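Please look over the structure below.

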Amino acid sequence: EKKDNYEFLVNGGVPHSVNPPAEDFGYWKYIVPDFCPKRALFLGVGGGTAIQLLLKKCPKVEIIGVDNSEEALKIAEEWGLRDSVATLYKADAYEFVNSEVKKYDFIAIDLFDGANFSFMTFSPVFIDRCKELLNPGGALVINTPNVDYAAMLQFQQKVITTGNVIY
């Protein structure tokens, strides 16, 4: 979708990325660390907005991006994430971290698919494995859903009442 001077990657009505990367709106700026890592792993690439913002801040960072969507990765490449600036893999994030051996200074977990969020992200096994991939002093950032908002949407769509029970 296009609006004003921006192009958006939208899935299920949810914006996943914006091109050119915008520092003045959206959640992407909060994913970028406040330091310049030597090596960064992005689990969930979308159109690559957070990666582009990190590259703007830290042009020498080595970036690995993992996404299970071929379409998202193609858009990320069209929007500037070529092999020269980032290495992108089409893979399942959970499988990738289980087989990865490299260490990272920064890991971002942003595993939304449209409005859907994999709650496997909160699995202690997955989180512990991501922490094992961090260098000492490294940072892990997780983009999580607003569960209250998601619950409100569910109630608006599927309210069934029986006596004093709402489900």
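The notes below are grouped by topic.

This is a predicted model: local features need pLDDT of at least 70, side-chain atom pairs count only at pLDDT 80 or more, and totals for chains, interfaces and linings use all residues. Residues are numbered from 1 along each chain as its sequence is written, and side-chain values use heavy atoms, without hydrogens and water.

**Disulfide**
- A search of the whole structure finds one disulfide (a pair of cysteine sulfur atoms within 2.5 Å).
- Cys 36 and Cys 58 form the bond, with S to S at 2.2 Å.
- The pair links distant parts of the chain, 22 residues apart.
- Cys 36 lies in the loop between helix 1 (28–31) and strand 4 (39–43).
- Cys 58 lies in the loop between helix 2 (49–57) and strand 5 (62–67).
- Helices (H or I, at least four residues) and strands (E, at least two) are DSSP runs, numbered from the N terminus.
- The disulfide is left-handed, because the torsion about the S-S bond of Cys 36 and Cys 58 is about -80°.

- Buried means under 20% relative accessible area, exposed over 50%, and partly exposed in between (1.4 Å probe, protein chains only).
- Cys 36 is partly exposed at 48%, whereas Cys 58 is buried at 3%.
- Cys 130 is buried, at 0%.

**Negative patch**
- Glu 70, Glu 77, Glu 78 and Asp 83 form a negative surface patch.
- Glu 77 sits in helix 3 (residues 70–78) and is partly exposed at 36%.

Note on methods. Patch = residues over 30% accessible without salt bridge, like charges linked within 9 Å, V, L, I, M, F, W, Y side chains within 5 Å. Areas by Shrake-Rupley, 256 points an atom, 1.4 Å probe, with all protein chains shown as cover. Salt bridge = Lys/Arg side-chain N within 4 Å of Asp/Glu carboxyl O. Lys, Arg positive; Asp, Glu negative; His and termini not counted. Charge placed at Lys NZ, Arg CZ, Asp CG, Glu CD.
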